[in-house]
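Visitor: I have a model open on my screen and would like to learn how to read its side-chain contacts. Could you walk me through it?
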Amino acid sequence: MATVAQQPGKKRPNFVILLADDWGFTDVGAFGGEMATPNLDALAANGVRFSNFHVAGSCSPTRAMLQSGVINHRAGLGNMPETIPPEHLGKPGYETHLNNRVVTIGDLLRAQGYRTYLTGKWHLGHTPDTLPTARGYDRALALSQSGADNFENKPNLLLYDRADWTEDGKPAQLPKQFYSSTLIVDRMIGYIDGGRASGKPFLASINFLANHIPVQAADADIAAYKGRYDAGWTALREARRAGAIAKGVMPAGVRMVTMGTTKDWSAITSKEREQRAGAMAVYAAMATAMDREVGRLIAHLKASGEYENTVFVFLSDNGAEATDPMEMTWMSHWNARFLYDQSIAQQGRPGSLTAIGAGFASAASSPLRGYKFTANEGGLRVPLIMAWPGNPAFQKNAVAGAFAHVTDIAPTVLALAGAPPQDGHFAGRAVEPVIGRDLTPALRNPAAAVHDPDRPFGYELSGNAVLFKGDYKLVKNLPPYGDGRWRLYDIVRDPGETTDLSGQEQARYAAMQADYAAFAKANGVLPMPEGYTAPKQIFENAFHTLLVPRLLAAAPYLAGIAALFAGLGVWLRRRRKAAAGG
């Protein structure tokens with residue numbers, strides 16, 4: 001069956017890509033969660049949910065692959081600026097920005113006569129030549145960093161000295177007060193409306209900060225979830241598992257593990273339970289606020305007559321975030337308390353730094369093992385929804401269970417736009433060819449597979465590594481997420497990664513290790529330095545790029561204070577001597 005884009009006389013579709021930040025596999029209602037996401041659920045009812053869809057374990061590598069259709073090591077994001085060891089910085093594939101060897105879906109669709117817009121988190125470069133308007137986008141309100149405050153133009157003070165928001169390549173003029181999800185959708189609506197007279201179709205890449213740390217939401221949204229999570233993370237993990245099975249995105253009887261980072265809810269103090277349950281309520285409130293903004297955009301497209309002819313793509317950039325400033329190094333803990341109001345009453349409000357921590361992050365990814373940064377399914381498997389409401393060729397309220405990957409989004413968008421595939425050349429120069437596969441067959445028939453089951457598919461980030469092949473997954477996590485040993489799982493029958501098959505399937509285990517070694521060599525994957533861990537590297541990089549300059553800037557003041565105290569000490573000693581002599 002032909003798509004609308006391929007039918008003579010039909011207008012080419014618009015594209016709206018909705019990228020959430022740090023959402024777990026079952027955070028969306030249509031994937032089994034309890035949070036209120038009615039607008040995303042409506043898109044799911046109008047389209048196809050992908051239940052075996054994978055991204056990277058953290059944000060900018062996923063964003064690089066989403067934009068380019070090319071594996072992160074070839075796109076320049078072999079590691080992120082925040083987690084890269086200095087030994088790797090600047091090596092091929094480790095530029096820590098989207099390199100010029102790839103082209104974006106913005107580049108490719110603009111060449112086909114599309115208007116191209118981006119709002120929200122970019123995190124793929126901060127210099128003029130690496131910002132969105134230099135990489136295929138006509139208009140862009142972009143944050144170059146991993147996150148920022150959601151209420152005002154303020155950075156995450158533990159990582160950055162300022163929030164790097166730009167608009168069309170220049171410092172952005174933001175309102176004095178705002179809410180990030182509302183701001184991001186407001187600007188996108190303005191861009192779309194501003195170019196409507198051209199008659200051209202549009203690409204809208206909308207990149208929310210929700211639910212990245214700091215987790216923040218309006219008081220009314222937080223109040224709606226008050227008490228909802230008082231039963232704790234283990235109860236939520238069980239409920240999410242049941243919900244995922246009921247929604248058809250997990251097999252009946254799916255097994256799951258309790259991670260070592262999940263404490264016994266009944267054993268922690270009542271104050272900690274109050275703090276943790278309150279943080280999860282903020283997380284849910286932030287998700288619902290984001291969903292409401294998605295609904296506002298959809299309502300606007302319906303009013304303008306664009307809704308039926310728009311392809312919607314919703315996904316998360318990785319699993320839920322387990323990092324908690326209150327449980328990091330003593331210095332991060334001290335900084336969080338010094339720079340933010342960390343009281344329970346202030347959680348999620350302006351001036352706070354709220355995070356859900358490992359227990360609830362594991363529940364948000366239920367029934368999967370792991371969360372953000374890990375190479376387990378809870379870090380890499382996220383919700384994907386694709387819907388084209390006006391195209392009868394798309395299935396409705398369907399679940400596609402075959403393996404899919406974030407590199408598949410770009411070739412799918414190009415196919416639906418009727419654009420020629422990117423074949424390794426663009427604008428007269430050689431570029432990295434797209435490695436993803438067109439998901440259109442699965443949109444017509446959710447039982448269809450688009451990836452060859454005999455073709456290995458590799459991935460690595462910060463030493464955490466994977467080789468997918470057919471129903472199987474070879475995976476290794478470095479400390480603190482694992483012990484550095486390879487394990488083998490059947491992720492179709494055991495998506496919770498509960499049973500290591502490396503001892504039973506020794507031939508497959510060895511063959512997949514060889515496949516991974518070939519992938520790593522072909523894509524320039526570098527070994528991690530001895531003793532490397534991602535959390536430690538985040539602290540070290542922040543220390544050198546942020547704390548040291550702050551201390552140097554404060555040095556004259558500190559020296560003055562020291563001199564004042566020294567002078568006071570001399571004066572007191574003289575006073576004591578004079579008194580003794582008298």
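Guide: Gladly! Let us begin with a network of salt bridges that links Asp-21, Arg-63, Lys-121 and Asp-317. This is a predicted model, so local features need pLDDT of at least 70 and side-chain atom pairs count only at pLDDT 80 or more, while totals for chains, interfaces and linings use all residues. Residues are numbered from 1 along each chain as its sequence is written, and side-chain values use heavy atoms, with hydrogens and water left out.

Visitor: What counts as a salt bridge here, and how many are there by this rule?

Guide: The rule asks for a side-chain nitrogen of Lys or Arg within 4 Å of a carboxyl oxygen of Asp or Glu. Applied to this model, the rule gives 34 salt bridges. One of the pairs is Arg-63 with Asp-317, at 2.9 Å from N to O. As for the element names, helices (H or I, at least four residues) and strands (E, at least two) are DSSP runs, numbered from the N terminus.

Visitor: Are Arg-63 and Asp-317 buried or exposed?

Guide: Buried means under 20% relative accessible area, exposed means over 50%, and partly exposed lies in between (1.4 Å probe, protein chains only). Both Arg-63 and Asp-317 are buried. Helix α2 is mostly covered, with 10 of its 10 residues buried; among them are Cys-59, Pro-61, Met-65 and Leu-66. Just after α2, Gly-69 has a positive phi of about 75 degrees.

Visitor: Which residue forms a salt bridge with Glu-272?

Guide: Arg-276 does, and the closest N and O atoms are 3.6 Å apart. Glu-272 and Arg-276 are four residues apart in helix α8 (residues 270-303), which means that about one helical turn separates them. Arg-276 has 6% relative accessibility, so this residue counts as buried. For another case, look at Arg-487 and Asp-483, whose side chains meet in a salt bridge of 3.0 Å, N to O. Arg-487 is partly exposed, at a relative accessible area of 22%.

Visitor: Now the rings. How should I read an aromatic pair?

Guide: A pair of aromatic rings is described by the distance of the centres and the angle of the planes. Rings of Phe, Tyr and Trp (its six-membered ring) pair if their centres lie within 6.5 Å; planes under 30 degrees apart count as stacked, over 60 as edge-to-face and the rest as tilted. The structure holds 18 aromatic pairs. Tyr-307 and Phe-312 make a tilted one, 5.7 Å centre to centre with 45 degrees between the planes. Tyr-307 is buried at a relative accessible area of 10%, and Phe-312 is buried at 2%. In another pair, the centres of Phe-403 and Phe-468 are 4.9 Å apart and the planes meet at 45 degrees, so this pair is tilted. Phe-403 sits in the loop between β11 (398-400) and β12 (404-405) and Phe-468 in strand β16 (residues 464-469), a link between distant parts of the chain, 65 residues apart.

Visitor: Which rings form a cluster?

Guide: Ring pairs link Tyr-225, Tyr-229, Trp-233, Trp-265 and Phe-360 into one.

Visitor: Which charged residue lies over the face of Tyr-229?

Guide: A charge sits over a ring if NZ of Lys or CZ of Arg is within 6 Å of the ring centre and within 35 degrees of the ring normal. Over Tyr-229 lies Arg-228, at 5.5 Å from the ring centre. Likewise, the charged end of Arg-508 sits over the ring of Tyr-472, 3.7 Å from its centre.
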